[in-house]
Every structure is written in structure tokens, then in C-alpha cells.
Amino acid sequence: MGTGHFFWVIFYFASLCSASLANNAKINFREKEKKVLDQILGAGKYDARIRPSGLNGTENLPTYVYVNMFLRSISKIDDYKMEYSVQLTFREQWTDERLKFDDIQGRLKYLTLTEANRVWMPDLFFSNEKEGHFHNIIMPNVYIRIFPNGSVLYSIRISLTLACPMNLKLYPLDRQICSLRMASYGWTTNDLVFLWKEGDPVQVVKNLHLPRFTLEKFLTDYCNSKTNTGEYSCLKVDLLFKREFSYYLIQIYIPCCMLVIVSWVSFWLDQGAVPARVSLGVTTLLTMATQTSGINASLPPVSYTKAIDVWTGVCLTFVFGALLEFALVNYASRSGSNKANMHKENMKKKRRDLEQASIDAASDLLDTDSNATFAMLRQCEVHMQAPKRPNCCKTWLSKFPTRQCSRSKRIDVISRITFPLVFALFNLVYWSTYLFRDEEDETF
């Protein structure tokens, strides 16, 4: 056997011995960890029903629980139900003097548990919660870490659906404040106090995406409540959401403007095109009404007027006004035609009477003075003849046989100018009112 071969054999056996010793050390370390758990959580040594003592082991002081959280996602904000859904990692930290243990010269940094009922837990609940559930895939997403100084860290991943009362007066140009409230259910402030952990108690995932909202900012605060049974500690975080206006501009405002403009096309159609003007007015009116009902279907029935109600209401009024304008034009046109016919009949009657009077006068004077009679008849004939010279004004007025007919035409001409000007003025007032406003609700 060569020297080199002998050296590799010795190295191989040394490696086996080292691995064996490392495994034994690990086994021994796990055994020590098990002994520590048995020492602090063994039967008859720890009672999870008893509240930990206060600061520095003082029994008269309350237990302080420090809270922080990590917002993983906000899936939806429902305007109709006035609620929002959020998924978060929730953490609590407190000190329990009964759970102190030897860290084996710094080798045992903390102990990990997955059963929350093994130690005392704060009775925190979410006061504005509607629905909620834990995550159990693949294993329950929860752990408890016990540190050598008795500090306990509880972490869990949960999904919640929370109530969010909204003020929709400025919808869809509004901002909403949704709160997340956490309070003690049974322990009063004499026994249990919740505090926000120092240094970013609330963290939000980067690139948080919401369909129709933007999370502008958030603020942590306290919301202790007093009831007949005592005062209870409470924490809250307010989330300020700004509604994305581009969606509503494309889906609501621009289509409504187009419908109003289309209704003005009837002002340029001929007065005699009754089917076309009626069809256009009724179609735009029904489309506008359908658009309004679709908008209101996605919102709760509130007692106050929203900004979108003002917009749709005025647009519906303009479309309805265009339909009424045609009814007025049609009435003026028909009334003018009837008066024109009556005027023609009166003129024909007067002409017949004048001719009959001329004939009677001529018969009476025929025997006495034939020359004078012929002269008078000649004069009557001259007066009854219409002027033969062409007149440009009368040629243009021939398009409108009577004054009443021209009045109906003037209604269309005036409407072509009045409707766009009034609608432009409304837009100026509307956008200046709702875009450049001082919102009291935006301040925390």
C-alpha cells in the first residue's frame, strides 16, 4: 500500500467521524431544544389561561402588545356594498416572563411553535370585519416564536373583507378613507393595551395594483372605545384611496357628450322630415336613459345627489329639450300653414267682392257716361294687377310662404346656437366646481 493511498483512507475515516460527530451534535442540540420546551411549556408548568404580568413583572400594570402588519394585496373596493378586501400578514409581540429560557450561550436564538393554543394570546378582533379566513395551504400560515428573554412573536396571514362607509357626493371625482380597526374584545385597558410598533408599523407591498383606485397614503392612529363594561384598547389604520378618473371619462362622460351632440343633429334636418327627427330624438333619449340606469345600478341607493347624477341629469335634460324643440317647431309650422290658408281664402273673398262691386258700378254708369265708366273700369283693372318687376326679397321669402313658417325656421336656427352655448357653459361650471374644490373629507 502506497503512502498516498494510506493518506486518503485516513482522510475518508476522519470525514466519516466528523459527520457522525456533527449529526450527534445536531441530535443533542434538538434534544436540548425539546428539553427547553418541556421546561417552559410542560404539563403543570405553564397555564395559557393566565394573562402575563405587566412591565418588569409588575402585576398591577397591563400587558403591552405591539402590533405591526404587512399589506400584501387589496383585491377589490366595492362601491355598492361599501366594503373592501385585503390580504395581510398580521404580527403581535409581547413579553411573557414565564417563557424565559437559557439560550445555550447564544446558540438557541428562539423557539418556534405552530400551535397558538400552547401560549397565552391577546383577544384581538377586527371590529369592522364582515368576513375573514386563515390560509392553510399547504400548511397553516402561522407561527409563534419564543425568544430567550420571554418575548413572544405571533405572525399569521389572513384575508379580510372589511366595511368601508363611503361618501359618494363627489363620485366619480371622490376620495375614500377606508379603515382597518383592531380592538380587544374582553380585556380592558387595565389589563391589556395595544400599541403600534415603532418604525413603520404598517408596510405595503411595492407596485400595489388596484383596478379603479390608487392608494395615496395611510395613517396609523388609536381609537380606544368606552362602553358600559369599561374602556377597551383599539388601533386603526386609515387608507386613503383616490378613484381613477380615466375609466369614467372613457366609459361615461365622453359617451354622454356624444349623445347630447347627436341629439342636436335634428336642428339641421328639414322641418318636413318628421320621421327622421322623431326617430333621432327618441333614440338618443332612450340611450341616455339606459346609460343613466346602468350607472345607478352599480351604486348604492343614497339619499343625496352625486356628481355623476348632476352630469347625467343635465345631459338627459338636453336630449329631452332637443326632442321638445322639434315638437315646438312642428306646432309652429302647422299653425303657420293654417293661418296662411285662412289668409288666402280671405284675400280671394275680398277680390271677388271687389270685382262684383266694380261690375255693379259699371252697370249703373253705363247709360249716363260710357267714357267715365270705361275710365273707372280701367283704373280698377290697373289697381288689381300685380307688379311684374322681380323682387329678390320676395323670391327668398317664397321659401317661407307666411310669417309663421319663417318663425318655425328661426326656432331651429336659434337652437343651433343656444344649445351648444348653454352646454359649454354647463361644462365650465361643472368641471370648475368638482375639479378645483377643497375637500374637507380628504384631511385625516
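In the predicted model, Lys130 has a relative accessibility of 43% and is therefore classed as partly exposed. Its salt-bridge partner is Glu83, with a separation of 3.2 Å between N and O. Glu83 is located in strand E2 and Lys130 in strand E5 (residues 129-134), so that this contact ties together parts of the chain 47 residues apart in sequence. In contrast to partly exposed Lys130, Glu83 has a relative accessibility of 8% and is buried, because that value is under 20%.

The contact between Glu83 and Lys130 is one of the salt bridges of the model, for which the count comes to 14. Another salt bridge is formed by Arg243 and Asp79, whose closest N and O atoms are 2.9 Å apart. This pair links distant parts of the chain: Arg243 belongs to strand E14 (residues 234-243), while Asp79 is found in the loop between strand E1 (63-78) and strand E2 (83-95), and the two residues are 164 residues apart. Arg243 and Asp79 are both buried.

Arg243 also meets the side chain of Asp174 in a salt bridge, at 2.6 Å from N to O. Asp174 is placed in the loop between strand E7 (151-163) and strand E8 (175-184), whereas Arg243 is in strand E14, so this pair ties together parts that are 69 residues apart in sequence. Asp174 is buried, as is Arg243. Through these contacts, Asp79, Asp174 and Arg243 are linked in a network of salt bridges.

Covalent cross-links were examined next. The structure contains 2 disulfides. In one of them, Cys164 is joined to Cys178, with an S to S distance of 2.0 Å. The link of Cys164 and Cys178 is left-handed, with -80° about the S-S bond. Cys164 is situated in the loop between E7 and E8 and Cys178 in strand E8; the pair links distant parts of the chain, 14 residues apart. Cys164 has a relative accessibility of 1% and counts as buried, and Cys178, at 0%, likewise counts as buried.

When the bonded cysteines of the protein are numbered in sequence order, the pairing is 1-2, 3-4. Cys257 takes part in no disulfide, and the nearest cysteine sulfur, belonging to Cys315, is 5.8 Å away. Cys315 is also in no disulfide; for this residue the nearest cysteine sulfur is that of Cys256, at 5.0 Å. With a relative accessibility of 0%, Cys315 counts as buried.

Methods:
Residues numbered from 1 in each chain as written. Predicted model: local features only at pLDDT ≥ 70, side-chain atom pairs only at ≥ 80, totals over all residues. Heavy atoms only, no water. Salt bridge = Lys/Arg side-chain N within 4 Å of Asp/Glu carboxyl O. Helix = DSSP H or I, 4+ residues; strand = E, 2+ residues; numbered from the N terminus. Buried < 20%, exposed > 50% of the residue type's maximum accessible area, 1.4 Å probe, protein only. Disulfide = S-S within 2.5 Å.
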